[in-house]
Every structure is written in structure tokens, then in C-alpha cells.
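Please walk through this model step by step, with the structure open beside the text.

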Amino acid sequence: MSGSPGRCTRRSGSKDAVREGPFVTSRSCDRNVTAGPGRTATLTGRPRAALKTSEVHDMYMPAEGNLALRRRVLWRTENELRSNIVASMQPATLSDDEDINTMLVGAHLWKIRQGWRQQRLYRLEPDGMTIWYESRARKARSKQIFSVLHIESVREGRQSEGLRRNGRRFPESCCFSISFMGRRRNLDLAAPTDQEARSWVQGLHKLMERAEAMSQREKLADRDGDEKMSFQEVKDMLRMINIDMNDIYAYTLFKKCDRSNSDTLEDCEIEEFCTQLMQRPELEEIFHRYSGEDRVLSAEELQEFLQHQGEEATLERAQNIIHKFELNEKAKQHGLMMQDGFMMYLLSAEGDIYNQKHRKVYQDMSQPLCHYFISCSHNTYLTNHQLVGASSTESYIRAFTEGCRCVELDCWEGADGEPVIYHGHTLTSKILFKDVISTIKHFAFKYSPYPVILSIENHCGLKQQETMAHHLRTILGDVLLTAPIRNADPAKLPSPEALKGKILVKAKKLSERRSLEEEDGRSRMDIAQELSDLVVYCQSVEYRDQPGKACEMSSFSEDKVRRLMKDCGNAIVRYNTRQLSRIYPDGLRANSSNFSPQEMWNAGCQLVALNFQTPGYTMDLNRGRFLDNGACGYVLKPKFLCREDTLFNPEDGSSSLKILNVKIISAQQLPKLNQENPNSIVDPFVRVEIHSLGKKRERETNYILNNGFNPMWGETLQLEVLCPELALVRFVVEDYDKTSSNDFVGQFTLPFTGLKQGYRHVHLFSKDGASLSPATLFIHVHIEDP
């Protein structure tokens, strides 16, 4: 297998292509396609149906020739948009969908926040992808819209904390809540009638399902038209086909093509706009390298490309790819792929940098819990600052959406006999323990079926501890684990598979003396028997050098575990092969900042607790680590971190080594950092980071001046990867600034073991983990031994 981006090697016996009229006769890669008048097209010597000259001409799309397909891609008037939004939905009967029509007309909905409510007009835009709302404040349009693509979920009734607290004056049947990807706050709304609320909830669900189900090919399919297109109509069409093009880039291209200066595009101007919009010269060069002068790719030539990509390269797979991604029906019928189809393939999940097989649970889930890295949250209840920030049940929901499997509950004495959760002795707000448990019951297994651990910091007296135990039992019911698994080996922790659908309590447990000293030794606290009985496999104890019971686990501050790693690195690694450990941020991190989790994972620590509410590179690493294994929140540790007799020491630096070669070719449609300044254009550069043993390794490109739409680098970066089994690769795009620190644009982090070689697209994400689609990097990856 060759991983280099060099020119493909034709099979023996191939001949150079020869021109014949306006078409090409080519026999390369065991293929012979004759496209001249009156000739028969054949593939690998087998006759195909005769093609008319006009049919072949339709398949060939040089820039100066037939651009009907590209024109179909972008043509649509606003009236067509309105009717085709619902006509394209599945099933077809939704063309008369009342819910969608209600949203298109718009409704005056109450926006509800703490101590504040305001009625505003909300309306579905004709593009079918954007919700607009009026604002009394003078805001730019970008601040008054949100995309259906950015909605995480829609919840009917008073299911959000905001509506439970602040929406009591509205009937529950009129209330609904919209949750967004990333860190954007929920949108809590109430409609004037329950029918309007149902229409919006059902309509949003239909639009979300439609957006998720639409393939790129379906988004591009459209019918012909020959009217003019205004700039607004062009923008509507771009949104409809999921090209979230920045206004300044779109308008610059629009004016460039508007040669008549009429503020509309027509005929050849539309064709030119389509051509320039979809132009990817770097992809054209790769396509021509494999297709030759005839500018079509046979299944055999695509098979050769797949071989160089390091992919499964059977002829059957190549044919399936053509059938799935080729846009031109005539080309598809003859088993050929055009350049646009090739681009759709490389932009799809199959052309992604991340191995799609790892997006499903593929690892052995039958090993003891201590053999897995487990996604873990610190101060889960907080929305931001740990001294003055708000506490919210919504934070638990957000943690679960990110695959978190261990959440923290800081429990304190509350009024009226009800325990509360907050960051004790601070100005953070308080939430009821029972509300948190109810939220956990509803969302714990919505995104992953594997066990959830409740890390309880208990500051309550005996009476309210009994109340806590009561709520845990009555609210969680059968999902709460209250006894060891039947027939399980008591010398080992059970597996995630054995604990599927179960919630475990991590807390201190009564000894025979029925009391324990707190770990800091400052005071004594009695433990209620009822709460102690719920602690089974996660019994909190002080760390001891000597091996303990499998069900005992210890918590360490980041500083303490660093000292242990430095003094006795192998000892802490061996501890983690038998028992669980939880690492939490230092108490001095008042702004809820995070430490790098990588150094803790290097020692085999399973529960590395981070402030999920605080964006930054540390959370990027966490998302990258738990992207693996289907994002289920459990990632199997390397074998050398699971063997009890392991000699591995993260401090000695000795490990296996790989060389990563990344050619940064180009980027596409990077987001503007200042949406309201039309003259704000990024000067992007790309940095590639390796996070593994020892210090971070990184290399970066030069910056490109004033181009966020399609910057081209063509620079190769080479990095050493120590201990590939533990390494994470982070791609970062920043905006160069010579007078101050560079601004973050986007990033993507993934495990080195999930990296795919060859030509790949890297789909970028924001600081808070939201997709920046359609922003991508286009790169070539080659991995070699030193």
C-alpha cells in the first residue's frame, strides 16, 4: 500500500489516451471507453449499451460546456422554495403538512427566562432550514436566526428546568423547549394555544428528521428553471442545499458573476456562479490524475484510488461508491464517476479523516470497569464559574449528550428537609437533589446504554442522607444497582456489558464501626445506613500503596496524582489495572478551568473529571478521546495499561514510535470571527498537535492573507507520535494576528488509532463542540515507521 500523494501508476498494458473529435478514447486501468459518434462504449472488454453523442456529451462537463447539473444544483425561486420545502420531505404526503405551513406563517410565542418573559414573532424561513425571530433590540440578522441543523432536541411541556421554574403561568400543553448543540442556552417558549405548540414541536421534529435523512445527493437534486436570481434567492438556495456560505463571500462571488450589473444572475451568469462555487482545483487535479484525459472515472480506476487510500479496494466496493455518490444518472448507468460525484464521495463520511467503523461500539465491553477510560464530569451541576455561577439540571443533560458516564453531585443540607446541590460556601445557586435525580433518570441512557456512576460528595446530616437514599430508590427504581451482580467474581469489577442500563452510586460506605473519617481528617461524619447500602462497586477510600478490594476506589487532586506519577509511576499504573481512580481539578481553579487529561490517561486513570461547562483545548482532548468506540463513554485502555504485572511507566518516555506526515492542502468556508464587520476576513493557518507521552508535539503552516473561503497551503508537516495507542491528534485552525494573540477558528481532535490515511476531509468544530459545517480542511495523511 502506498500512502504517498504521488501520481497513480497505470496497470501494465495501458495505453495513452488519444483524442478523437471532441471526445476521448481511453484505455487505461484495463478499461476502454470510446465516446465518439456512432461508437459503442465498453468497459473491461464487455460491451455496454451504445451511447448517443448527446448522452455522452451530457456526461462530460468541461467548464466551458454543459453546466446543466450545476445549474440545477443552485436554481430555485422563492416561490419554488416554499413549495419544494415540504414536497422534498419524506413521506411525500407532507407536501400539505399543516405543521410546516403553520411555521412558515409564523406565530407569536412567549420567550421565557428567569424573571422575564416577552412575546415575539417566530417564523420558519422559506429555505426550510432557518428560524427567524423578531427582536426589539437592534441586532444584526445573524443574531436573530438559528438553523435547524444546530438543534439538539425539542422537548414538549415543562421538561426544561427553565420552564419548570418560570413557566408556571402558562399551561403545560402550550410549553416547549429547544436545546442546541454546543453551549448555547435553551430556548424556552410558550405558544398562545396548545395546537400551535404541537404544530411547532411536531414541525421542528419533521425538519430535523428531514435534515438528518437527506443525503448530499438529495440536497443537490433540483429541477430546471430559467428565471433570474436575486442575491437573497441565491442565499436561500445555498441554505437549502446546506451550504452555509458567509454573506461576504457569497456576495463577492455574486457580484463577480453579475456581469450585467443588474443585481440579479441569469443564464450564463448562473452557470458561472455555480462553476466557481463548486470549484475545487485541488480535487480536480487528483481526479484527473486517476481518470486521465477523458475526465471520467471507471470502477477500475476508482479501485486504484481506493488502494492508494489504504481502503478496502474491491471492484464491487468501487461500483457501490459510484452508485451511491454519482450525481449524473447516465454516468451512473454506465458505471462511471464524474468529478462532482468524486467530490461528493470525498466530502462524505467515507472520505472523513476519522475511521467510521469507530463511530459504533466495536471494542470488547466484557472486561472489568477498571480496564476502560470513562468519560467523567466535575461539578456537573454548574453552568459556568464555580464561585458565582448558576447551578442547573440542564448541565446534567448536556453532559449526557456528550457521552459522560460519571457525574458529580455536591449534596448539602437544604430547607424543608430537602437536600440541595450546589458548590458549597459559594454564591452559586442551588437545585434540589430530587430534581437532579429525576433528570438523571430520564436522560442517563438516552445517548449510551452503558452504566452511569453518580459521584456523591456528601455534606448532609443523617436525616437528609436518608432522604437522599429514599429519592435514589423511589425515583431510579430498578435502574439503581443495590446489590452485587449474581455469580460475579468478587475479586474483579464487573464489566460495562454486565452493568448495562444500571446506575451506580460512588460514595463512602459504613465500616463495622458505622462511621468514617473524612479523607482530609478535619472532621467526622456519620453515614446513614440507608445511603451506605446503595454503595456497591464504587466505595470511596483513601489511597493506599497496598492492593485493596476491587470495589474500593480513591480520588486524587491533579497535583497529588502528578506527584505519585513522578515518584512511583508504575505503582499508580498497576493500581489502575485493579481498581478505579478519579482525578479532579485543583480547588484553586476558581474560574472552572481544566487540566490536560492526557497525562492522567497516560497513567491509566479511568475517571478523569473535567469541567464540561468550560470550553478549551482540554475539553477538545476529552471529546477526541471519547469520540472512540461509538462515543458510548467507555474506551478500552491499551493492553499494557490493563495487565496487573505491567512494567509500563509514563514517566520514563520509552515507547513505540510512528511518524505522521500530514500534507495540509486546503480549507473550505472557514467561519468569520466577526459576523457584523463585513471587512473582517481571517488570515488562517493550520496547526497539527500530538498529545501523548511527554510534551505536546506540534507543527504549523504559514498563514494565508485574507482568505477564509478557499485558502490553499500545500505544506507537509511531519510529527513524531510516541505511544500511538494513547496518542490524540488535534487539527487547529487559527486566525493570524501579528499584534496580539491569534484567534481560534475551529478544531477537530481524534485518537491516532482512528486516523485514516490518504486524501481526507477534516470537519471542524467550534470551541464548545458544535459543528462548524461546512468548514473543512482537505489533507493527505501518510503514516510510517521511523
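A residue is called buried when its relative accessible area is under 20%, exposed when it is over 50%, and partly exposed in between, using a 1.4 Å probe and protein chains only. Asparagine 702, at 54% relative accessibility, therefore counts as exposed.

This is a predicted model, in which local features need pLDDT of at least 70, side-chain atom pairs count only at pLDDT 80 or more, and totals for chains, interfaces and linings use all residues. Residues are numbered from 1 along each chain as its sequence is written, and side-chain values use heavy atoms, with hydrogens and water left out.

Begin with the whole chain. The secondary structure comes to 22 helices and 37 strands. Helices (H or I, at least four residues) and strands (E, at least two) are DSSP runs, numbered from the N terminus. Of the 786 residues in the protein chain, 57% are buried. Contact means heavy atoms within 4.5 Å. Among contacts between residues at least 6 apart in sequence, 67% join residues at least 24 apart.

Return to asparagine 702. This residue lies in the loop between β32 (697-700) and β33 (712-722). Leaving aside neighbours within four places in sequence, asparagine 702 is in contact with Pro684, Phe685, Trp713 and Glu715. Its C-alpha atom is separated by 7.8 Å from that of valine 686, 16 residues apart along the chain.

Leucine 472 sits in helix α18 (residues 462-476). Is leucine 472 buried or exposed? Its relative accessible area is 0%, so leucine 472 is buried. Not counting residues up to four places away in sequence, leucine 472 touches Phe433, Ile437, Leu454, Ile456, Gly477, Leu480, Val505, Leu531 and Leu534. Take valine 505 from that list. Leucine 472 and valine 505 are 33 residues apart in sequence and 9.4 Å apart in space, C-alpha to C-alpha.

Now the helix pairs. Two packed helices are described by the angle between their axes and the distance between the axes. Axes are lines fitted to C-alpha atoms, for helices over the stretch in contact, and angles run from 0 to 180 degrees between N-to-C directions. Angles under 35 degrees count as roughly parallel, over 145 as roughly antiparallel, 65 to 115 as roughly perpendicular and the rest as oblique.

The axes of α12 (residues 299-309) and α13 (residues 315-325) come within 8 Å and cross at roughly 105°. The two helices are therefore roughly perpendicular to each other. From α12, the contact uses Ala299, Glu300, Leu302, Gln303 and Leu306; from α13, Leu315, Arg317, Ala318, Gln319, Ile321 and Ile322. These residues divide into seven nonpolar, two polar and two charged. Here Ala, Val, Leu, Ile, Met, Phe, Trp, Tyr, Cys and Pro count as nonpolar, Asp, Glu, Lys and Arg as charged, and the others, Gly among them, as polar.

Helix α13 also meets α15. Their axes come within 9 Å and cross at roughly 100°, so α13 is roughly perpendicular to α15. Arg317, Ile321 and Phe325 of α13 make the contact with Gly341, Met344 and Tyr345 of α15. The count is four nonpolar, one polar and one charged. Helix α15 (residues 339-347) is mostly covered, with eight of its nine residues buried.

Next, the backbone. Most residues other than glycine have a negative phi, and most peptide bonds are trans. Asparagine 379 has a positive phi near 45°. Its place is the loop between β17 (372-377) and α16 (394-401). Asparagine 379 counts as buried because its relative accessibility is 1%. Alanine 631 has a positive phi near 50°, and its relative accessibility of 36% makes alanine 631 partly exposed. The peptide bond from serine 773 to proline 774 is cis, with omega near 15°. Proline 774 belongs to strand β37 (residues 771-784).

On a 1 Å grid over the protein atoms alone, a cavity is a set of points where a 1.4 Å probe fits but cannot get out, and lining residues have an atom within 4 Å of a point. Grid points are joined across faces, edges and corners, and a volume is the space filled by probe spheres set on the points. The structure holds five cavities of 30 Å³ or more.

Definitions and conventions:
1 Å grid on protein atoms, 1.4 Å probe; cavity = no way out; pocket = protein on both sides within 12 Å on 5 of 7 lines; lining within 4 Å.
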